Amino acid sequence: MTPEPSDLQAVVQDLHRRNVTWLPAGLGSRLDWGPPVAQPHTVLSCRRLNRILEHNPGDFTISVEAGTPLVEVQQALAHHGQWLPVDWPWGSGPAGEASGSVGGLVARGQAGGYRQRYLGVRDQLIGIHLLRSDGVAARAGGKVVKNVAGYDLMRPLCGSWGSLALITSVTLRTQPIPPHRQGLRLEGARPALGSFCRWLLGSSLSPERLDWQRRGGEASLLVSLASISAQTLQEQIACIEEKAGGEGLGCGCLEPDALAAAECCGQGDPEPAWLLRLGVLPDRLPELLEQRALGGLELVMGAGSGLGYAWGSAAAVPAHRVESLRRHCHAAGGALTLLRQPSGSSLPAWLDAPSRPLIEALKRQFDPKQQLARGRLPGVAPVAG
Ligand SMILES: Cc1cc2nc3c(=O)[nH]c(=O)nc-3n(C[C@H](O)[C@H](O)[C@H](O)COP(=O)(O)OP(=O)(O)OC[C@H]3O[C@@H](n4cnc5c(N)ncnc54)[C@H](O)[C@@H]3O)c2cc1C
């Protein structure tokens with residue numbers, strides 16, 4: 001169903017009255033990722049909620065309807081020298097619908113390497129409007145950065161995967177686009193890269209991101225630098241080049257276009273059979289990178305956050321190795337979520353979180369009839385079959 005904005009509330013009320021199970025959707029670009037949703041269900045798309053409601057450049061905030069494509073929001077902000085400091089979702093880049101909607105971005109709540117400097121999607125979110133499962137409209141937060149009244153509904157909604165409510169609009173913080181950007185790619189022996197990483201994260205330099213990447217060959221480090229001052233940028237580069245030289249690492253410069261391409265993951269690639277979201281405590285990242293199961297996969301991992309993605313073909317890694325990788329992530333203070341897995345493989349997309357009872361209590365409050373995204377509740381292991 002793709003209702004007009006004016007019909008949306010009546011449609012949700014009707015689904016509630018008829019006890020229909022349904023799945024909130026944005027542009028439908030990644031709907032089938034993660035655990036399967038119980039069948040049959042109705043898909044309710046926000047595609048027609050596609051307006052930028054208000055951009056306040058002076059306050060650095062923007063309010064948009066949930067179905068607005070991320071790419072359109074970034075283009076509109078760029079006219080004012082601003083941007084939303086979030087990565088392009090896996091499989092997309094600055095061109096095309098694959099970037100998905102802003103509502104989908106918030107509902108999945110995942111962040112990439114820009115988290116190093118700008119924190120995650122949930123930290124950009126300052127207001128939200130939603131429709132509860134019974135069709136009652138609700139809101140939390142506001143349109144200004146300093147807003148503290150009421151329950152913080154934004155945090156549970158961010159990363160809820162459509163399980164709690166239909167997000168209808170969001171207000172997000174914007175940032176000025178830094179006028180000077182440059183990337184550095186560092187290559188060399190893994191221990192030397194690891195020691196460089198520790199130095200950079202502990203230094204007074206302020207990279208926008210510092211990602212471990214492996215595309216085919218050996219792992220390398222991508223450092224993105226940005227500044228309002230060309231001189232400061234050059235000083236940071238010189239400092240990094242000197243340190244890299246001292247560690248015996250190769251160091252190549254990436255101009256802004258090449259850097260933007262290097263920051264995207266899987267853009268234009270066919271969807272991989274395996275797509276894993278990985279997380280460990282940052283200081284356990286070097287150990288994770290040594291894991292045998294990761295050997296056959298491409299990957300990008302934020303050195304400062306310990307979060308990232310690994311992907312590859314069905315033949316690249318057997319399912320039992322993915323399970324051992326999951327055990328390793330848990331032992332290293334993190335988790336592994338299966339966004340995609342080969343057909344025939346039926347590993348649980350995620351396991352129970354320690355806060356499962358709290359998550360289930362929230363679900364009962366928001367959606368007592370269990371109508372939304374049935375079978376897909378982040379933090380609650382899906383029931384097999
Ligand atoms: C660096 C990075 C990497 C990412 N990688 C992935 C990834 O690998 N896999 C992935 O799935 N996502 C990923 N994301 C999130 C991604 O941005 C969203 O999945 C994408 O924007 C989906 O947009 P869509 O409009 O096509 O949503 P859809 O595919 O339609 O829906 C995606 C999810 O969001 C829910 N949803 C969508 N709109 C709403 C709404 N208005 N209200 C409530 N729930 C809603 C759906 O139920 C579904 O669970 C990533 C994000 C970043 C920043």
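Contact here means that the C-beta atoms of two residues, placed from the backbone, lie within 7 Å. Helices (H or I, at least four residues) and strands (E, at least two) are DSSP runs, numbered from the N terminus.

I noted that this is a predicted model, in which local features need pLDDT of at least 70 and side-chain atom pairs count only at pLDDT 80 or more, while totals for chains, interfaces and linings use all residues. Residues are numbered from 1 along each chain as its sequence is written.

Entry on the whole chain. I found 12 helices and 17 strands in the protein, and its C-alpha trace spans about 70 × 50 × 35 Å along the principal axes. Residues 24 or more positions apart make up 71% of the contacts with a separation of 6 or more.

Entry on the sheet. I took two strands as paired if DSSP finds at least two bridges between them. On that basis 8 strands form an open sheet with antiparallel pairing, in the order E13-E10-E12-E11-E15-E16-E14-E17. Strand E13 (250-254) and E17 are the edge strands, each pairing on one side only, and neighbouring strands of this sheet are turned by 20° against each other on average, direction ignored. Looking at one pair, I saw that strand E14 (residues 274-279) and strand E16 (residues 307-312) run antiparallel and are joined by 6 bridges, with leucine 275 opposite tryptophan 311 in E16.

Entry on the helices against it. Helix H8 (residues 230-246) packs on the sheet and touches strand E10 (180-187), strand E12 (220-227) and E13, its direction making about 5° with that of E10. Helix H11 (residues 319-331) lies across E14 and E17, and runs at about 140° to E17.

Entry on one loop. I located proline 354 in the loop between strand E17 (335-340) and helix H12 (356-366); its C-alpha atom is separated by 27 Å from that of glutamate 290, 64 residues apart along the chain.

Methods:
Axes are lines fitted to C-alpha atoms, for helices over the stretch in contact, and angles run from 0 to 180 degrees between N-to-C directions.
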